[in-house]
Amino acid sequence: MAISLEHIQQQLRPELDKLDHIIVTTLTSNSELTNGIVTNYLKTKGKMIRPIVTLLSASFFGGINDKALQGAAAIEMLHNASLIHDDVIDQARERRGVPTINNVWDNHVAVLVGDFFVTGALRCGVATGDGRILSALADMGRDLSLGEIDQVDIARNHCIDEDTYMSIIRAKTASLFECCAQVGGYANDAPQTAIDELRRYARLLGICFQIKDDTFDYYHDPIIGKPTGNDLREGKVTLPLIYALNRTDLPEHDEMLALVNKEEPTCEDIDRLIDFAKRAGGIDYAYETMGRLRDEANDVLSPYSPDETVDLLREIFDYVIERKL
């Protein structure tokens, strides 16, 4: 049976409505231009997976309180700030099927709006009144930035090592999910050992989320808003191709490795690399890896008695693997 994100959202509907109110209120200003851009942007907000994980973590540790809601809002605004800035860097024209802020306005306005989201996140972090949550948010922002910078450096050096790939996605993606677990725990003054355990679950979820995202690069889907092979155009070698390039038994290996190391691969080169990754079992390997990560995450949750929250934590992991975009 397919896992529905809507089912997970429905279990948290009252809390998610409160979260939406906090975000809208925090991002309301005296600037008519800013209000218009923000309102339009929030109409197409994403799946809210990170705040959902934050709220589930809070529920796991005792309950969803105002501190957890403010922390979840901060995480979501920081996440969206990074997306807005990414669109500027990538010169993206669309996200989630609608024009990006930098497309409608310009890079200058988009960067400033992204910065405005950061200030909103800071305000919500302060509103928690908990220095531990502020520290977790700061550490997450640092890891996120360094992960993205390291990815640029590694892309320039054409690194194709799986361990390095995993290290990068833990920093640039899983750090957000780990922060969700921390905020939920700190909001309920949970023991640090218990927080660290759920943080491990969240790390596995975040890594899995990025691996699944990376598989989308091997298939055309206009809804995602990113062309096939976009990662490769930017010099990013992701798990399916890393696996394929490690198969030295394949006759095309040396030729494909040479294509990856080209300074400016052509569209034909990228198409050949994508086809090679698929034929060599790279997509299957990515799904096998996600399955192993899910097994590890289930091990983290196994000592706890089954209840609605534990079930939803398992369910959202299944959703991340099965999602179509």
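Predicted model: local features only at pLDDT ≥ 70, side-chain atom pairs only at ≥ 80, totals over all residues.
**Entry: Arg 170 and Glu 178**

I started with Arg 170, which forms a salt bridge with Glu 178. The closest N and O atoms are 3.4 Å apart. A salt bridge needs the nitrogen within 4 Å of the carboxyl oxygen, so this pair qualifies. Arg 170 is partly exposed, with a relative accessible area of 37%. Glu 178 has a relative accessible area of 4%. Buried means under 20%, so Glu 178 counts as buried.

**Entry: Arg 279 and Glu 252**

I then turned to Arg 279. Its side chain meets that of Glu 252 in a salt bridge, at 2.8 Å from N to O. This pair links distant parts of the chain, 27 residues apart. I found Arg 279 in helix 14, residues 267–279. Glu 252 sits in the loop between helix 12 (239–245) and helix 13 (253–260). Arg 279 has 51% relative accessibility. Exposed means over 50%, so Arg 279 counts as exposed.

**Entry: Arg 294 and Asp 318**

Which parts does the next pair tie together? The side chains of Arg 294 and Asp 318 meet in a salt bridge, 2.9 Å from N to O. Arg 294 lies in helix 15 (residues 282–301) and Asp 318 in helix 16 (residues 308–322), so the bridge ties together parts that are 24 residues apart in sequence. Arg 294 is partly exposed, at 24% relative accessible area. Asp 318 is partly exposed too, at 21%.

**Entry: a network**

I also noted a network of salt bridges. It links Lys 67, Asp 130, Arg 132 and Asp 189.

**Entry: helix 5**

I checked the length of helix 5, residues 66–90. With 25 residues at 1.5 Å a residue, helix 5 should span 36 Å. Its end C-alpha atoms are 36 Å apart, which agrees. Is helix 5 largely enclosed or open? I found 19 of its 25 residues buried, so helix 5 is largely enclosed by the rest of the structure.

**Entry: two positive phi values**

Helix 5 is followed by Gln 91. Phi of Gln 91 is positive, near 55°, and Gln 91 is not a glycine. I placed Gln 91 in the loop between helix 5 and strand 1 (94–95). At 62% relative accessibility, Gln 91 counts as exposed.

Met 48 also has a positive phi, near 60°. I found Met 48 in the loop between helix 3 (32–42) and helix 4 (49–60). Met 48 is buried, with a relative accessible area of 8%.

**Entry: the nonpolar core**

Which residues touch the most other members of the largest nonpolar core? This core has 99 residues, and I noted Phe 117, Tyr 201, Ile 211, Leu 241 and Phe 317. I followed up Leu 241. Leaving out residues up to four places away in sequence, Leu 241 touches Tyr 218, Leu 232, Val 260, Leu 273, Phe 276 and Ala 277.

**Entry: a nonpolar patch outside**

Last, I looked at the surface. Leu 33, Val 104 and Trp 105 form a nonpolar patch there. Together they have about 300 Å² of accessible area. Trp 105 is found in the loop between helix 6 (101–104) and helix 7 (107–127). Trp 105 is partly exposed, with a relative accessible area of 44%.

Technical notes:
Residues numbered from 1 in each chain as written. Heavy atoms only, no water. Helix = DSSP H or I, 4+ residues; strand = E, 2+ residues; numbered from the N terminus. Expected span 1.5 Å × (residues − 1). Buried < 20%, exposed > 50% of the residue type's maximum accessible area, 1.4 Å probe, protein only. Patch = residues over 30% accessible without salt bridge, like charges linked within 9 Å, V, L, I, M, F, W, Y side chains within 5 Å. Areas by Shrake-Rupley, 256 points an atom, 1.4 Å probe, with all protein chains shown as cover. Core = buried A, V, L, I, M, F, W, Y, C linked by side-chain atoms within 4.5 Å. Contact = heavy atoms within 4.5 Å.
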